Structure formats: C-alpha cells, structure tokens
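Reader: Could you walk me through this one, starting with how its interior is put together?
Author: Gladly, let us look at it together.

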Amino acid sequence: MKSGMARCDLTYLIGVRIIFVILEVIMKIRFCLMAVVGLAFLSTGFASVTNVYYVDPVNNPNIVAVVAAAAPSSTVYVARGKYTITSTIAPPNGVRIIGETGNFNDVVIDGQNKCRVITANSGKNYISGLTIMRGKMKGSNSTRQNGCGIHLSGGGTVTNCRITACTSGDYVN
C-alpha cells in the first residue's frame with residue numbers, strides 16, 4: 001500500500017510541477033505581450049512627454065530667450081509679472097506659451113513700441129492667458145498688414161488673451 005501512495009504522491013508532485021511550468025510560460029508570454037502593446041502605444045503618440053519651461057520676472061525674466069530655447073511641442077509657463085522685450089518672441093513648432101495663473105491681467109508682455117510681440121509659424125502653437133501690449137511693426141506696406149501684437153502665419157490658437165495698444169507705422173510705400 002505504501003508503494004501505491006508513493007506513486008500517487010510522485011504523480012501529484014509531477015502534475016503540480018507541470019502546472020507551475022505552464023503558468024510560468026503563460027506569465028512570460030503575458031509580459032512580452034504587455035511590452036509589445038506598451039511599445040505600440042508609445043509609438044502612436046498617445047503618450048508623449050513634453051518639456052516644461054518657466055519664465056518669472058525675478059529668476060528667469062528673458063522670455064524671448066526661454067521661448068527660443070524651448071524644444072518643439074513643449075510648454076512655457078509665464079509667471080505673474082510684466083516682461084519688457086526689444087525683440088520678437090518666436091516659439092518653435094508646437095510650443096505652448098501659457099500665463100501661469102490663467103488670468104491675462106496677471107501676465108503682461110510689453111513690446112515697448114519696438115517690435116512685434118509674438119510671431120509663430122506653426123499651426124500647432126498655442127498662446128493663452130497673456131496681455132500683449134505695445135507691439136509695433138515697421139517696414140513696407142505689405143509687412144505692415146500683419147499682426148503687431150501676435151502674428152500666426154501658419155495658424156495656431158490664441159485664447160484668453162488681451163491685445164492692446166499695438167500699432168503699425170513708419171512704413172514706406
């Protein structure tokens with residue numbers, strides 16, 4: 001009787017071991033499938049990582065330089081304050097420029113009647129929560145027709161912004 005039980009115990013242990021081996025193989029296959037699905041998800045662009053940049057009037061006030069240095073498709077948050085510029089802000093493709101508080105009264109960019117304030121050439125640029133003031137265009141009659149505060153030559157989005165006291169003048173016919 002003992003030899004019969006030993007065979008039964010041995011058969012049971014072999015069966016259990018086989019089940020564990022099968023489960024281990026299934027887990028490895030599942031992990032591989034998850035990895036493949038994850039890579040496919042990332043390659044479709046549904047999950048993308050963007051860079052974030054900050055401009056503030058005390059520690060990093062040069063908004064023109066920060067935006068110019070921003071990687072395509074990144075976000076530049078502009079802290080509450082007034083920023084004076086002497087050259088145009090030109091965001092790379094897809095860069096978003098956003099006033100940090102969302103209230104356009106809190107973030108003012110002043111062109112001082114020396115330059116256009118923002119010019120964007122990508123339909124993917126996004127500008128929000130800013131007051132743009134005293135942008136000025138100089139030049140021929142044809143360039144004078146374009147925006148003095150914000151100029152979007154390839155499209156884009158401007159929302160929740162105030163554009164004020166911008167002029168074009170000193171043109172040559």
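Reader: Which residues touch the most other members in the largest nonpolar core?
Author: In this predicted model, the largest nonpolar core has 23 residues, and those that touch the most other members are I63, V78, I89 and L130. The elements that give two or more residues to this core are α2 (63–69), β2 and β5, with α2 supplying the largest share, four residues.

Reader: And what does I63 touch, leaving out residues up to four places away in sequence?
Author: With those left out, I63 touches V55, V78, Y83, I85, I89 and I109. One of these, V78, is also among the core residues that touch the most other members.

Reader: How much of the protein counts as buried overall?
Author: Of its 173 residues, 29% count as buried. The accessible surface comes to about 10700 Å², and carbon and sulfur atoms hold 61% of that area.

Reader: Switching to the fold, how many helices and strands are there?
Author: The secondary structure comes to three helices and 13 strands. As for contacts with a separation of 6 or more, 61% of them are between residues 24 or more positions apart.

Reader: What is the strand order in the open sheet of four strands?
Author: The order is β3-β5-β8-β12, and the pairing is parallel. At the edges stand β3 (81–84) and β12 (162–164), each of which has a single partner strand, so one side of each is left without a neighbour in the sheet. From one strand to the next, the twist averages 15°.

Reader: How many bridges join β3 to β5?
Author: Four bridges join β3 to β5, which covers residues 107–110, and the two strands run parallel. Within this pairing, K82 stands opposite V108 in β5.

Reader: New topic, aromatics: which rings pair up, and why is the pair called stacked?
Author: The structure holds one aromatic pair. It is made by Y54 and Y77, whose ring centres are 5.9 Å apart and whose planes stand at 25°, so the pair is stacked, because planes under 30 degrees apart count as stacked. Since Y54 lies in strand β1 (residues 52–55) and Y77 in strand β2 (residues 75–78), the pair ties together parts that are 23 residues apart in sequence.

Reader: What is the relative accessible area of Y54? And that of Y77?
Author: Y54 has a relative accessible area of 48% and is partly exposed. Y77 also counts as partly exposed, at 29% relative accessibility.

Reader: Staying with β2, is T75 buried or exposed?
Author: T75, which lies in strand β2, is buried, with a relative accessible area of 6%. If its neighbours within four places in sequence are set aside, T75 is in contact with N51, V52, Y53, R96 and I98.

Methods
Residues are numbered from 1 along each chain as its sequence is written. This is a predicted model: local features need pLDDT of at least 70, side-chain atom pairs count only at pLDDT 80 or more; totals for chains, interfaces and linings use all residues. Side-chain values use heavy atoms; hydrogens and water are left out. Two strands pair if DSSP finds at least two bridges between them. Axes are lines fitted to C-alpha atoms, for helices over the stretch in contact, and angles run from 0 to 180 degrees between N-to-C directions. Rings of Phe, Tyr and Trp (its six-membered ring) pair if their centres lie within 6.5 Å; planes under 30 degrees apart count as stacked, over 60 as edge-to-face and the rest as tilted. Buried means under 20% relative accessible area, exposed over 50%, partly exposed in between (1.4 Å probe, protein chains only). A nonpolar core is a set of buried Ala, Val, Leu, Ile, Met, Phe, Trp, Tyr and Cys residues joined through side-chain atoms within 4.5 Å. Contact means heavy atoms within 4.5 Å. Accessible areas come from the Shrake-Rupley method with a 1.4 Å probe; for residues, only the protein chains shown count as cover.
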